[in-house]
Amino acid sequence: YAMTNRPPRILLVCIEFAQPLFSGNGVLTQNIVWGLLMLGYEVTVICALPLSHRSSPTGDGNGNTTGSSSKGRALTLNKYIDDSNLLQIRVIHVPDEYWKRLDRQSCWEIIAKEAPNMLLSDGGDGNNGGNGGDALGLPDHDHAHDHVFAIDWSALPAIYNMQNAGILPRTVKLTYFIFRVFTASKELCRSQMDYNFYLEHEMRGIQRADSVILLSHVDQHAILKQIDSMNMKTNTNMQKLSSTCTRSGREEIISKMHILVPPLRKDIQSLAMNTKSNIASTGSVSNTELQVEGFMYILCNARLSPEKNALRFAQVMQALSQNGTLERLNLIPLMIGSICDENYAQEVYRLLPSNSIIINHFLSSIDMSVHLKKTLLNVHPSIYDAYGMTIPEAAAFGVPSILHHESIGATSLLRDDHDEVFLGDMSSVDSAIQSVEEMLLGGLDIMQAVGRNARKRALSWGVVDYTNSLRDKLV
């Protein structure tokens with residue numbers, strides 16, 4: 001970049017960035033952007049928002065208001081981001097039924113269609129939800145971006161369209177962030193058509209990208225498995241794609257794949273550093289003391305969507321409530337997660353014991369920290385998770401997690417062989433009940449020790465560490 005006297009520019013395309021967020025994807029994208037701004041990059045974000053958030057600022061259920069800032073900009077409610085002069089946000093409004101989804105039923109086609117206008121518009125045409133105004137016009141005639149970041153496959157078609165329209169040069173460096181390997185998500189591939197759809201999008205992205213950023217070893221493994229199985233098949237509509245994924249292609253793909261574990265978000269890190277968690281505090285807490293303090297939570301923190309498997313948590317809680325385990329240990333189930341699938345959510349709620357506490361919106365960091373300080377154990381029921389951000393977030397407050405013994409990306413950071421997590425078997429109801437019950441009966445000392453180890457590890461990897469690593473990996 002030495003040739004120019006301006007900071008490097010990044011265009012980032014994603015579904016979820018401004019409020020209201022509904023998943024960890026939005027949190028991670030915000031953190032990536034915040035880190036880039038901190039390093040002095042100029043960033044333009046193209047993202048979606050539901051139409052219902054188009055008018056005047058409205059509450060998002062967390063006591064936060066969403067809508068526009070005084071500069072007429074959509075808000076992320078992350079003060080580090082919202083106060084930055086290096087950032088522009090271009091919002092594409094989408095019908096509400098496409099919101100809260102990251103799969104092929106999400107708003108990816110609308111983003112693909114509208115994205116070229118977002119870069120062309122000077123932001124003052126009132127067309128992008130009033131997030132314009134001259135202040136947000138393009139900085140100068142040279143609106144070239146040095147890099148384009150695509151968050152998941154859903155951002156790729158928008159980028160191709162901008163290149164086809166001549167708005168983005170084909171030579172621009174493309175970094176493809178994979179936040180989930182959709183072809184590895186059984187719950188999202190309900191048919192061969194679904195599977196082929198994701199396979200085509202993911203593989204094309206991997207080929208066209210200059211670098212591919214993955215969240216964990218789990219996804220690297222999933223992608224290599226994918227490539228190898230494509231090489232085995234012949235006469236499929238994937239032939240065109242798989243020809244590039246031959247031996248030499250495989251080496252090339254491996255060389256552009258980088259694992260970058262998501263960072264603990266800044267506000268959680270600050271809150272956790274300033275708290276003595278009651279479970280991980282060095283003065284040991286005996287079980288009787290905990291009971292004197294009153295109940296503690298046994299938590300599941302996952303959006304209510306089949307791939308997160310919250311139903312398994314409800315089934316386990318039902319069983320442990322019926323056999324008296326929860327009552328004996330003075331534990332109350334706490335289910336936190338936004339409703340992304342109404343029918344699925346109702347099924348989860350129906351099974352949860354009647355004294356459970358249910359929070360069905362995306363919590364602010366402060367609210368989350370209040371609940372984590374009263375939590376004994378975090379149950380992560382998913383059987384495949386590209387990462388599982390809620391695991392290190394709980395760990396930051398000294399709360400240990402029990403998770404499925406394989407295919408959970410957070411084990412790239414928190415390791416069983418370092419006693420930083422508990423592993424169980426979430427693949428069936430019975431095995432999950434047994435795993436959680438054995439752990440609870442294993443005693444508080446072990447839980448505290450694992451919680452302390454986990455806390456130390458989680459607090460050691462923040463946004464600054466992440467962004468410095470990312471900068472080194474940008475080709």
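Ground rules. I am working from a predicted model, in which local features need pLDDT of at least 70 and side-chain atom pairs count only at pLDDT 80 or more, while totals for chains, interfaces and linings use all residues. Residues are numbered from 1 along each chain as its sequence is written, and side-chain values use heavy atoms, with hydrogens and water left out.

Entry 1, whole chain. I counted 18 helices and 15 strands (DSSP runs numbered from the N terminus: helices H or I of at least four residues, strands E of at least two). Of the 475 residues, 59% are buried (under 20% relative accessible area with a 1.4 Å probe, protein chains only; exposed is over 50%, partly exposed in between). Among contacts (heavy atoms within 4.5 Å) with a separation of 6 or more, 74% join residues 24 or more positions apart.

I found Glu16 in the loop between strand E1 (9-13) and helix H1 (24-38). Glu16 is buried and has no salt bridge (a side-chain nitrogen of Lys or Arg within 4 Å of a carboxyl oxygen of Asp or Glu). The nearest side chain of opposite charge, Arg303, is 6.8 Å away; Lys and Arg count as positive and Asp and Glu as negative, with His and the chain ends not counted. What I did find at the Glu16 side chain was backbone nitrogen: that of Phe22 at 2.6 Å from a polar atom and that of Gly26 at 3.2 Å. Leaving aside neighbours within four places in sequence, Glu16 contacts residues including Trp99 and Leu102.

I listed Tyr344, Ala345, Val348, Tyr349 and Leu351 as buried. Seen down the axis, the buried residues fall within an arc of 165° and so line one face of H13; the arc is that of the directions from the helix axis to the C-beta atoms. They pack against helix H11 (310-322), strand E11 (331-336) and strand E12 (357-359). On the other side of H13, I noted Asn343 and Arg350 as exposed. At the start of H13, a side-chain oxygen of Asp341 comes within 3.3 Å of the backbone nitrogen of Asn343.

How values were computed:
Polar contact = N/O pair within 3.5 Å; in protein donor to acceptor, adjacent residues only side chain to side chain.
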